[in-house]
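Reader: I'm new to this one. Can you put it up and walk me through it?

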Amino acid sequence: MPMLISLPMYGVDPQDVLPFWQLLSQQLRRYGAIGIDDVIGIGGVAGISDQLVWPTDLLQHWRDPDLLLSQTCGFPLMMLLQQQVQLIGVFSYQSPYCSGEYYRSLVVVRADEKGQQLADFRHRVVAYNSTDSQSGYNALRALITPLAINGRFFSHSLASGGHYHSISMIQQRQADIAAIDCVSFALLQRANPSAVAGLKIIAQTDAAPGLPLITSLSTSAQQLTQIRQAITATVNSPEAASAKDRLLIKSFSVLPISAYDVIKKMQEKAFSAGVITL
């Protein structure tokens with residue numbers, strides 16, 4: 001039975017994932033997590049694909065019973081997928097705003113704005129990537145909750161479809177403010193400094209565990225162990241230094257699913273104060 005693997009969440013360009021994937025696929029074979037011909041890289045190429053791309057319907061992909069390995073966001077993990085997938089673990093990333101396996105969002109605005117703190121942006125327009133995003137939506141909603149009046153803080157909100165689109169909307173003055181995942185921000189800043197030029201950081205959200213690596217419920221306990229061994233071996237391999245740096249990956253850890261309860265608590269905090277949306 002073919003198995004599905006993707007690493008869709010980070011990387012300015014899908015090609016950024018390939019060097020790491022090529023090394024990881026070797027370790028997955030070595031530890032017995034996959035056979036020679038039983039993997040389909042996203043894109044439908046039989047065998048070990050060298051052309052991984054990001055799936056267009058992430059939620060459907062994550063729910064696929066043939067999923068061997070993917071990376072999701074903590075919010076859909078806890079709200080939509082918890083009874084449908086198993087948690088493999090989490091990467092730590094190279095960002096000054098990460099604390100081990102934990103990451104946070106950076107609240108950014110245009111550098112020419114007079115406001116210096118979140119409270120200065122009441123009644124302004126916020127851009128967010130999607131309502132099922134921890135970094136772009138849930139964490140920011142929790143952050144504005146103490147400032148909200150009658151459940152509102154911003155004048156209105158605009159869905160951008162992605163962190164980089166949110167940044168573009170701010171620069172084009174279609175929106176005034178957004179919460180950007182600190183790893184996404186660091187990747188974009190390194191790849192294209194001009195893309196984040198003219199922005200300033202005015203706040204940070206509370207930290208949460210980083211983007212979880214997941215597998216299907218149909219993955220056996222033995223295979224889950226093999227996947228973890230393969231990821232650990234890849235991350236610890238000197239050969240992977242360049243491939244890891246390309247994605248800002250630092251290390252790999254296994255966390256209990258309960259570590260992600262902080263995400264539910266952020267939503268509960270907002271909802272209990274009547275802050276349902278941005």
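Reader: Let's start in the strands. Which residue is the bridge partner of Val108 in β10?
Author: Ala178 is the partner. Strands here are DSSP runs of E, at least two residues, and helices are runs of H or I, at least four, numbered from the N terminus.

Reader: Before I go on, what kind of model is this?
Author: It is a predicted model: local features need pLDDT of at least 70, side-chain atom pairs count only at pLDDT 80 or more, and totals for chains, interfaces and linings use all residues. Residues are numbered from 1 along each chain as its sequence is written, and side-chain values use heavy atoms, leaving out hydrogens and water.

Reader: Back to the strands. How many bridges join β7 to β10?
Author: Five, and the two strands run antiparallel. Strands pair if DSSP finds at least two bridges between them.

Reader: What order do the strands of that sheet take?
Author: β9-β8-β10-β7-β11, an open sheet of five strands with mixed pairing. β9 and β11 stand at the edges with a single partner strand each, so one side of each has no neighbour in the sheet.

Reader: Which helix lies across β7, β10 and β11?
Author: Helix α6, residues 182–191, running at about 90° to β10. Axes are lines fitted to C-alpha atoms, for helices over the stretch in contact (heavy atoms within 4.5 Å). Angles run from 0 to 180 degrees between N-to-C directions.

Reader: New topic. At what angle do α3 and α9 cross?
Author: Roughly 80°, with their axes coming within 9 Å. That makes α3 roughly perpendicular to α9 (65 to 115 degrees).

Reader: Which residues make that contact?
Author: Gly74, Phe75, Met78 and Met79 come from α3, and Asp261, Ile263, Lys264 and Gln267 from α9.

Reader: Which residues are closest to its centre?
Author: Met9, Asn129, Gly161, Gly162 and His163, of 26 lining residues. Lining means an atom within 4 Å of a point.

Reader: How many cavities of 30 Å³ or more are there?
Author: Two. In a cavity, a 1.4 Å probe fits but cannot get out. The largest holds about 70 Å³, and its lining includes Met9 and Phe91.

Key:
On a 1 Å grid over the protein atoms alone, a cavity is a set of points where a 1.4 Å probe fits but cannot get out, and a pocket is an open set with protein on both sides within 12 Å along at least five of seven lines; lining residues have an atom within 4 Å of a point. Angles under 35 degrees count as roughly parallel, over 145 as roughly antiparallel, 65 to 115 as roughly perpendicular and the rest as oblique. Grid points are joined across faces, edges and corners, and a volume is the space filled by probe spheres set on the points.
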